[in-house]
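Please keep the sequence and the model in view while reading.

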Amino acid sequence: ADSSPDSSQGYSQPMRIKRINLFQPSRYHDNEFAYQGALFQYLKTEFKEIEIETSRGSSRPDIAISNIAIEVKGPTTHQGLDSIASKIFRYKLHWNDMIIVLFDLQCSYEYYLEWKEGIQKNNKDIQIILKTAESIN
């Protein structure tokens, strides 16, 4: 993963991940756009180069900070997890790093763990952040 500072404010990749980990949605949402918007609003106070749904080629991650694609899912279903796999291949053509943020897991935890292991086996640089029910107020 790229650990060089963000040109806008000097934040490293681990700092971006830490900031996302600290994010707490105010409540559960019934659609991805609400989680995406809340996370974007939270992060834009820290990262000047943040963009929402910016396109490069035919790829359009939910959020991008400099050269990092951030994919948001929530509520996270079996189908939602499956859709991320194809995005990884496309996003890696246009962004150096990828962070996946999952809210409100609505598939079996066993399926999630198997999915995560498969993703990280071939993509060790991809960060996956699961926001569990305990972490949502």
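A residue is called buried when its relative accessible area is under 20%, exposed when that area is over 50%, and partly exposed in between, with a 1.4 Å probe and protein chains only. The model is predicted, and local features therefore need pLDDT of at least 70, side-chain atom pairs count only at pLDDT 80 or more, and totals for chains, interfaces and linings use all residues. Residues are numbered from 1 along each chain as its sequence is written, and side-chain values use heavy atoms, with hydrogens and water left out. Helices (H or I, at least four residues) and strands (E, at least two) are DSSP runs, numbered from the N terminus.

The account starts with D104. This residue lies in the loop between β4 and α4, and its relative accessible area of 16% makes D104 buried. D104 also has a positive phi of about 50 degrees, although it is not a glycine. A positive phi is found as well at S66, which is not a glycine either and has a value of about 55 degrees; S66 belongs to the loop between β2 and β3.

Two histidines may be considered next. H29 sits in the loop between α1 and α2 and counts as buried, because its relative accessibility is 12%. Contact here means heavy atoms within 4.5 Å. When neighbours within four places in sequence are left aside, H29 is in contact with A34, Y35, P75 and D104. H94, in turn, is found in helix α3 (residues 78-94) and is partly exposed, since its relative accessible area is 29%. Not counting residues up to four places away in sequence, H94 touches R56, G57, S59 and N67. From H94 to G57 the C-alpha to C-alpha distance is 7.6 Å, while the two are 37 residues apart in sequence.

What form do the aromatic pairs take? A pair of aromatic rings is described by the distance of the centres and the angle of the planes. Rings of Phe, Tyr and Trp (its six-membered ring) pair if their centres lie within 6.5 Å; planes under 30 degrees apart count as stacked, over 60 as edge-to-face and the rest as tilted. By this rule the count comes to 6 aromatic pairs. In one of them, the rings of F23 and Y42 have centres 5.2 Å apart and planes at 50 degrees, so this pair is tilted. It links distant parts of the chain, with F23 in the loop between α1 (13-22) and α2 (32-44) and Y42 in helix α2, 19 residues apart. F23 is buried, at a relative accessible area of 5%, whereas Y42 is partly exposed at 23%. The rings of Y35 and F103 are stacked, because their centres are 4.4 Å apart and their planes lie at 10 degrees. Here too, distant parts of the chain are linked: Y35 is in helix α2, F103 is in strand β4 (residues 97-103), and 68 residues separate them. Y35 is buried, with a relative accessible area of 0%, and F103 is likewise buried at 0%. F23, Y35, Y42 and F103 form one aromatic cluster.

Strand β4 leads on to the sheet pairing. Two strands pair if DSSP finds at least two bridges between them. β4 pairs with strand β5 (residues 127-131) in the parallel sense over 5 bridges, and L102 stands opposite L130 in β5. From β4 the chain passes through helix α4 (residues 109-122) to β5 in a right-handed β-α-β crossover. The term right-handed applies if, with the strands pointing away from the viewer, the path from the first strand over the helix to the second runs clockwise.

In soluble globular proteins, nonpolar side chains tend to be buried together. A nonpolar core is a set of buried Ala, Val, Leu, Ile, Met, Phe, Trp, Tyr and Cys residues joined through side-chain atoms within 4.5 Å. The largest such core has 18 residues, and those with the most contacts inside it are L39, L43, I70 and I99. At least two residues of this core come from each of α1, α2, β2 (63-65), β3 (68-73) and β4, and the largest share, 4 residues, is supplied by α2. With neighbours within four places in sequence left aside, the contacts of I70 include I20, L39, L43, I99 and V101. Apart from this core lies another, of 16 residues, among them A64, A69, I84 and Y112.
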